[in-house]
Every structure is written in structure tokens, then in C-alpha cells.
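Dear colleague,

I am passing on the structure we spoke about, with the sequence alongside. Please open it first, and then read the notes that follow.

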Amino acid sequence: MSGHSTYQPKTGIERWLDARLPIVRLMHDSAVSYPVPRNLNLLWTFGGILVFMLVAQIITGVILAMHYTPNATMAFNSVEHIMRDVNFGWLLRYLHSNGASMFFVAVYVHIFRGMYYGSYKAPREVLWILGVIIFLLMMATAFMGYVLPWGQMSFWGATVITNLFSALPVIGETIVTFLWGGYSVDNPTLNRFFSLHFLLPFMIAGVVVLHIWALHHVGQNNPTGVEVKDVKKDTVPFTPYATIKDLFGMVCFMLVFAWFVFYQPNFMGHADNYIPANPASTPAHIVPEWYFLPFYAILRAIPDKLGGVLAMGGAIVILAFLPWIDTSKVKSMTYRPIARQFFWMFVLVCIGLGYLGAMPADEPYVTISRILTVLYFGFFLALALIGIFERPAPLPTSIADSVLGGSGARLGHATASEPQAKG
Amino acid sequence: MAHATDTTGTEPTRRDFLMLTTGAFGAVGAAALLVPLVGQLAPDAQVVAAGAPIELDLTPIAEGQAIKLFWRGKLIFVRNRTKKEIDEAKAVDVATLRDPQTDEQRTKAGHERYLVVYGNCTHLGCVPLGNAAGEPKGEFDGWFCPCHGSHYDSSGRIRKGPAPLNLPVPPYAFTADTKIKIG
């Protein structure tokens, strides 16, 4: 997408730096003059929101680490110390714990947006796969962070999730012992989780750089899924257009975030986690954080231990293969009447699984979980089949036409998405 | 520089030899480095040392009662079973079990009253309910795991639910009529 640079160093210092390290040129080309499709809707602001959340989590997290003690006998009390004694500790911890939830809210909107508008299709496959990797790293980070307060949910969440690996044949038990550093979840486990919880966000930041690099190389998708054909007509410069739109989305998102932090800070948590970890007693009803519930429901739906673990892992990994599962050449579901209905059904299935994941492992929940698990994977099968017989609606001839109400001449549905070779 | 001209032939040069041997040494060295980097994850000397055998007096455990204790950081249930529970455990057709084991294999001869098992569900490690009075014991008078709904019978064998295996029996021996040594 990046054409030749339009950056003009104005002062002597800028020219001097530009000749030695063209960092200002890089920033200018990727955040000021970078062309964005002129028809982006507010769903495209979630990428910026996610960057904001990552930075917010790193800042609050580094500060919390200054007051937290990663030791099984002291961790719980040090978190209470943060809440009661540390100046603004309550605020920083609530920002961090609710920030994790808001991070996942944003990432799920971002993923569903990508699925609806076909943002995973050529030439954006690598961009999409990097996104799935970020999602996996986020899950690992969030899980380990939830263990750190060393409450009952922390302890039993850690026990259940690490035990998932024991389902693997032959090497499973050894892997679990190596994860624990002992024969059960204990102090060595807490210490290594703290270390990794600190490390992983920076790995996420690294993959985010690759994700943005890939994005800026191939250019953004847009609500029509029609590629940019004429940079002059179809795009606008990132600044001020996308910058101000991203900021608007971010501020709206922060309002919701602030409402949780200041009015319902424990809404997305569990009361049981305010009871110190007790290895002799499991809470009557253990559930993971809400953002893991759909996958937890899939795990419980399968009546076999290894099968459950594989289905849960598969539910996430299958996303990475979406570019090759979906056989349709039309990107945006706006022009795919059948696929669109399946998409919304898939959203409902995910929400349903989330609800079932929070319910006890009894009937009728188990049977419904099984049906929804089949539907979850069925969606991917459906995407593979629908593309073969579905007759898409006519695509606009260009982004500019879709916005300015151009001729809207009919295009063959397959030819409308020929790859754009932009230098 | 004189050698540069004759590298076009198929004959390996001294430079090829140096490249290969350096690469091989580097690979072996990197692999060797993995041993400490991964090995530090395993249980350390302190954790292993804490696994020394422990003695337990069974007399305070009344019939129908069960207690919990820790050995090597792992939870262990010791249950003094009622006559009914023992009979139920023995009456099961072993061939119908998911993890076939007789009650005799899971207890010590002459001490069938006492059942000693690890107290973490073999599914994902939760602590099954059924020790204290009033807790649900599942459909088979043993234990019920509240996390994912596994039922264990009065011999600690898996009967229903997602868990694949029976609650394992830790290594232990009777040192006296009502004394055991775990480990």
C-alpha cells in the first residue's frame, strides 16, 4: 500500500535525522499520509482501541508489579495491600483487571468484524494468522494474570487449565509436572506464571508490530471488500480522517471501560477469588473468566478428556485456517446473502456457548453444549460449501462508487476481487 | 584468496569443512543449553525432599468418615468405609468399568475398611466432594466432582462423567493395625 514517501523534512534537524535514521519518515508514512479506504465504518476503530488497551495494560501492569509479591504465602495479601494501602492502588488494579476484560471485548469485536467483511482473504492471510497468534498470546497472558492474586478461582483455574495438558498421551503427565515445578500447583508455579505474565505482553507488542506491518503492506480491507483501485478516488489520508475517527471510537470505548472501573469493578470477576487459595477444597462452582467461557463450554461438551481438550484447542486453531476454508471469492458478507445468515447464527452460537460455559455441568446444559459445539464447527464446514453455490449480490465497481453512489455496474462475482498489486 | 578460485569444483574446500564443523558444534551446543533451560522447570530439590514418607494414625477416623491430608503437595483422601460401601464396591462387575480394577487391587488385604486415594479428580484436578457429612457423594456412594460432573464409587473408581481414570492409590503400607506410612 505504501507508495513512495511524501515526507518532506522541513527543518535542518529533521533533515539531519532523516539522513541518519528515517524514523520520522516512517511515522509520517504510516500514520499521516498512509491512505485508508474512505468508506471505513466505526468497526475499523477497534484496531486502534486494541493498541490503546495493550499500552494501558502494560503501564498499569508494570506499576502493579512494583507492589505485588509473587509468593504463595504472600501474594493474596499483597493484592489486598495494593487495594487498601498503596496510593491509588485500587484504581490501578481495577484498571488492570477490568482492562483485561475490555481488551477481550475489543478483540472479539475485531475478530467478528474481520470474519464478517472477509478480512482474512487474499492477500491478508498472513495478517489474519498473526492476529490469531496475538489472540492465543492474549489468552495465555490473561490466564496467567488471573492466577497471580492467588485466590480460590486463581488456584483452581490454574489447576484445571494446566491439567488440560495431562490429556496428551505419554508425555502429558511430565509436561504438567514441568509446568508446575512440583507435584501440584504451588509456589514454583506462581513464580513462573508471574515471570511469564510480565514477558508475554511484550511478545504481544512484537507480534502487533508485525500485524501492523502486514496491514500496511497489503492495505486495509473495507466494508465492501472491494480493493482500492484508484488511491486518489478511493482513499483518504490517515491523518486527519482515520486518526480522528479512531480517537472518537477510543473515547466511546473508554466511557464503557470507565463505567466498569468506577461503578461495577467486580462485575466481571468472581467473589470466590477473594477467598485465599485452598488446595484442599474446590469452590462448588468453578468457571473461568467470561472471555474463556465459549471454549470452556466446548471442553465440557465432549465426554472424553483428550477429545475435549482437542476440540477446545481446535475451536481456536481453526480460525487460522479460515482463509482456506472459506471458498467464496467475495470478501464482504454484505454481498453474500446466505453466508451472512450463517455468520449471525455463528455469533449467536458463540454467545450461547458463553452462557452454557457459565452454567453447571448438568442437564440440560450438557446436551445443549453438544449441539452448539457441533454448530460451531458446522459454521466452518458451511463456509466451505456455501462459497460453491451461493450467488452473491452485485458488488460496487469501486470504493468511491459505493460511497458516492456511482453507476454500480454489475460485475461478475468472481472477478470483483482480483488481487491488487500495489507497490 | 587463492582458494576462492577453486571453490567452483565439486571438491569440498577447507572453508566448507570449517563451516560444517562450526555449524555442527553450534547445533550441539545450542541443544546442550536446552538441558538447563528446560531442566530448571522440573521439581527442585526442596520440592522433592518434601516428599519424604509420612506416618498416619487411622484410629481417629470413625466409620463412614474421611479425612484429607497432603503428601508431596498432593491431596490424599483416607476413608473409613461402611460395610454397605465395601459391599457395593465389591459387587461391581469389573468388566463394565472404564478403568477396570477390583476393589481388592485398590485396598490392602485385611484392611478393606480403609481406602487411601489421591484427592484430585483425574479429569482436570478439582477436589471431588463426598468427604464431609452433607456433601454430595455422587450416584455411587463415593465422590462427586463439582467442576465437570465426574462420579466416583466407594472404591474411588470412575463410574460416570468425563474423567478417564480411577482416583490413583498412592504408595502406602500398614505399619501397624491402624497405622499407615504413605510414600
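Predicted model: local features only at pLDDT ≥ 70, side-chain atom pairs only at ≥ 80, totals over all residues.

A:Thr60 belongs to helix H3 of chain A, and its side chain reaches the backbone oxygen of A:Ala56 at 2.9 Å. Leaving out residues up to four places away in sequence, A:Thr60 touches A:Leu92, A:Leu95 and A:His96.

**Helix H4 and what covers it**

Helix H4 of chain A, which spans residues 75-84, is largely enclosed by the rest of the structure, because seven of its 10 residues are buried. The buried residues are A:Ala75, A:Phe76, A:Ser78, A:Val79, A:Glu80, A:Ile82 and A:Met83. What covers them includes helix H3 (46-67), helix H5 (89-116) and helix H9 (187-218), which belong to chain A.

**The nonpolar cores**

The largest nonpolar core has 126 residues, and those with the most contacts inside it are A:Phe104, A:Met115, A:Phe135, A:Phe295, A:Tyr376 and A:Phe380. Helix H6 of chain A, residues 125-147, supplies the largest share of this core, with 14 residues. Apart from this core lies another, of 14 residues, which includes B:Tyr114, B:Tyr118, B:Tyr172 and B:Ile180.

Which residues surround A:Met115, once its neighbours within four places in sequence are left aside? A:Met115 is in contact with A:Tyr120, A:Trp128, A:Leu319, A:Leu322, A:Met333, A:Phe343, A:Phe346 and A:Phe379.

**Aromatic pairs**

A search of the whole structure finds 34 aromatic pairs over all chains. One of them is formed by A:Phe104 and A:Tyr291, whose ring centres lie 4.0 Å apart and whose planes are at 5 degrees, so the pair counts as stacked. This pair links distant parts of the chain, since A:Phe104 sits in helix H5 of chain A while A:Tyr291 sits in the loop between helix H11 (238-263) and helix H12 (293-301) of chain A, 187 residues apart. A:Phe104 is buried, with a relative accessible area of 2%, and A:Tyr291 is buried, with a relative accessible area of 2%.

A:Phe346 and A:Phe379 also form a stacked pair, at 4.3 Å centre to centre and with 20 degrees between the planes. Here too the pair links distant parts of the chain, with A:Phe346 in helix H15 (residues 337-357) of chain A and A:Phe379 in helix H16 (residues 365-389) of chain A, 33 residues apart. Both A:Phe346 and A:Phe379 are buried, and they belong to one aromatic cluster together with A:Trp44, A:Phe112, A:Tyr116, A:Tyr117, A:Phe343, A:Trp344, A:Tyr376, A:Phe377 and A:Phe380. A:Trp44 in this cluster has A:Arg113 over its face, at 4.5 Å from the ring centre.

**Chain B**

For chain B, the unreviewed UniProt entry places the feature "domain: Rieske" at residues 83-181. The C-alpha atoms at the ends of this span lie 24 Å apart, and the span is 13% helix and 23% strand. B:Tyr172, one of the residues of the 14-residue core, has B:Lys108 over its face, at 4.6 Å from the ring centre.

With best wishes

Notes: Residues numbered from 1 in each chain as written. Chains lettered and ligands numbered in written order. Heavy atoms only, no water. Buried < 20%, exposed > 50% of the residue type's maximum accessible area, 1.4 Å probe, protein only. Helix = DSSP H or I, 4+ residues; strand = E, 2+ residues; numbered from the N terminus. Contact = heavy atoms within 4.5 Å. Core = buried A, V, L, I, M, F, W, Y, C linked by side-chain atoms within 4.5 Å. UniProt positions renumbered as here; feature names shortened; annotations may be inferred. Phe/Tyr/Trp six-rings, centres within 6.5 Å; stacked < 30°, edge-to-face > 60°. Lys NZ or Arg CZ within 6 Å of the ring centre and 35° of its normal. Polar contact = N/O pair within 3.5 Å; in protein donor to acceptor, adjacent residues only side chain to side chain.
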